[in-house]
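Below is a short note for a colleague who has not seen this structure before. The points are numbered so that they can be answered one by one.

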Amino acid sequence: MRSLTNFAPSTFEDRGAAVAFTTPVLAQTRVRKDSREQLEVLVPNLSEGRGVYVVPWKSLPLAFPMTVHDRMLHDLIAKGEGCSPDDIRKATLEAARCGLAGPDAVAAAEAALRDDDEQRLLINYQLIVEALKAVGLESTEILRAGLASAEGQRLTRDLMSKAAHSLGLEPTELYSRIAELAAYVESIGLATSPKPARLRRLMRDLQGFRDSMTDWATDNVSEAAPIGGFCAEVAEHTVNHARTVMKQLDQAVASFEVLIRQWDVKRVVVRKAATRLSWLLDGWEYLIALWADAVAKSRHEQDLTVHEIFRVIPLLPKNEGQGDQASAADALMQNNRRSVRAYVDWRSGQLDVDLVMRIETIKGKAA
Amino acid sequence: MEIRDLLALGDQLLHIDEPKFRQIVQLLEQMGDHPDIQRTIAVLRPRMAELRINRRPTLKRLFCDPFEDLFETFGKSEPAPLSVIERSLMNSLWSMVEAQIGKDRLKGYRGALQEGPQQKAATEAFWAETAAVVADIAAEMQAGRVAEAFRLRVTPDRVRAVADIATILSIAPDIRDLKAVLSPKPVTKLHQDHLDGIQDIARRIARGRPDALKIFILVAASRLSEPAVLLGGLWDMDLGRADRAALFMDLSGTVMAQIEGRSRSLKGGPGAAPDRLAVADLAVDLVASLDATRDAMERSRNKSFDQRLKEVRGSVHEMVRTQVLQGADGGIVTALDGLGDGTGDRAQMAQAENQARALRKCATIADQLGLRGELKAVTQKTTATLTDKARAALGRGPAGPASRTGYTAIRMIELIAGSAEANKVMDEILGGGRR
């Protein structure tokens, strides 16, 4: 069983960020930077052996036949500035939006981008409300006038000036701190938000995945059951870690006045927590959607899906205090060897179009 | 939950998660034989079959066990058995069997439903008795006397099906052994151990019940993903005293009739737009069946089916030509135009993608059908039109207003001609400043 699990990274950066390729053999492989700051990709061993292939990013299209969508995504990531989960997501949505992965991927990417815009607006408004509340000012007037209206914006400016004054800051400084904070927590949202943001939703879905996988693996006699149990365990550890980080972040934002006043110190805490959260949950959207799709299918397909999830499951890096996950995965693999799953049509070596389209569908659901 | 609420959910129940689905099936089973419940179970049956839910053992289920592989299939993707038994026929027949044996006597067979040392003997006794009862019913039907309890219209097919059930029940223990040999269903590739297992049982049947041999082979074939594959194996089997040649011819006739029936099944009605991908899938399956049958015929040096094989091949050729190749480029290009002027929708685009995939699928069988040239011409013409569209749309740069149409055209090329070709076109259009 080839798997990314037989490689034990120390940090999230070593582990790399998952890339939503539609070429089956490359689906959810990870990209990271090497010691010379060049991009490289980690591909699970193709011959069922141990270890992973580390391929320079530039050479990837030469090493593997890729779909046109993946070539485009490959180019976008190469041209981008970084390879954090947020950078990869941005490139993924841009690639999906152009239509190379089909009409459903376009619709899913556009919906995700709309959701991002809504969240951005919401978080900005909520942070302004928090700022006003921190100095004892009411924000209902703004809401009544309408946030986007000229009157609403005038009211906001006035009240924010008063708030800045109370906090002993220049209004522009207060605005810039709020804007920076909004950028950090944009994908997480506030705990009090009426509409949970993407990573909060993802964490909830991950809990659902853990429960569903645990139920499935319990009392199941198939050879995939211990693998499913392991996947549930990894999800459990990830959820626990994410919950702790989310709590830190929520606490920091809840003490809003302290956060703004001690901005130089607290911004580092918030930024680190937000970054860590996005790394922790990176790669799970696709796996959750893959499992949700398999739940209503036959036992055999569920077994195959569990193997597929295991192949690319995001293990916690050693530095996150879960150093045993990689060796546990290794032991599991030794005990559960199974045959290679073909990703290409063996007669022609061409990509299996049906499999590519299945990945596109799952990817659309995960966007 | 009230039964009414449950029934109102109907086919939504097909999409709930597995543990809940199993609970609901259990709940429905406990509610008895009410027609509404039977209807709901009928809706759920495809998924129940897929999940292989272990149903509560009943005598009716035990009665069906030997011939369940011949029940009509749920979806087009599964191959139909070579000899089909309707579920409604079985329901009707079971009521008659139940009435004739009598409830009290049937109670005596309860041991067949419980695990233990008595189970095997009780099961075999039950099958033997039901076989005798069904054989009587079949004889009456063949003589033109039909009991009122048989609530269906009597047709030659149904008379044949009842006789088949009687025969299968009479060799039920052998069928049980066959199921053990050919498991799990469907068997995708016949290995030597499968063939040896079938041969041993078939020889046993040939000694005791030679008339049951054909239906036994039909049951065996229905457990394969491609029933025609058994034909090849059958020719090499030593079936003892049985007339292998006659059996082979008989079975070949059945296989041919089924292939012919399937080849007629998707002949589009006038005005109806064919589902091109479904036609392509069917064509690929039919060509596989034809090849397996032809191989078997060649091994047996039998030429009597040559003409029919040729005719079916001709009809598949025609089906692919008229329903997949003809006008393929039009549908795909129209969908692209709709994208440009904003009139297109996702359904239209999905249909165009299916057309493109159908073309690609047919590339695997074009040689066998003698359609290579025609397919190549259609593919080249469509690819050329799409390349022009992509060039026009992306010529002003990858972020231009029509870029979506351009990229979609390239995706269509990918679906038709593969990623390598599509990447080549993309590189040509966008040149050095790719994407």
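How many helices and strands does chain A have?

1. Chain A has 16 helices and four strands; helices (H or I, at least four residues) and strands (E, at least two) are DSSP runs, numbered from the N terminus. The model is predicted, with local features needing pLDDT of at least 70 and side-chain atom pairs counting only at pLDDT 80 or more, while totals for chains, interfaces and linings use all residues. Residues are numbered from 1 along each chain as its sequence is written, and chains are lettered from A and ligands numbered from 1 in the order in which they are written.

2. In chain A, 41% of the 367 residues count as buried (20 or more other C-beta atoms within 10 Å of the residue's own, with C-beta atoms placed from the backbone).

3. Between the chains, 21 residues of chain A are in contact with 29 residues of chain B (C-beta atoms, placed from the backbone, within 7 Å). On the chain A side, α3 (68–79) and α5 (103–134) each give two or more residues. The largest share, four residues, comes from α3(A).

4. α5(A) also packs against helix α8 (residues 171–185) of chain A, at an angle of about 130 degrees and with the axes 10 Å apart. Axes are lines fitted to C-alpha atoms, for helices over the stretch in contact, and angles run from 0 to 180 degrees between N-to-C directions. Residues making this contact include I123(A) and L127(A) of α5(A), and L174(A) and I178(A) of α8(A).

5. In chain B, the buried residues of α19(B) include L375(B), V378(B) and K389(B).

Technical notes:
Contact = placed C-beta atoms within 7 Å. Buried ≥ 20, exposed ≤ 12 C-beta atoms within 10 Å, placed from the backbone.
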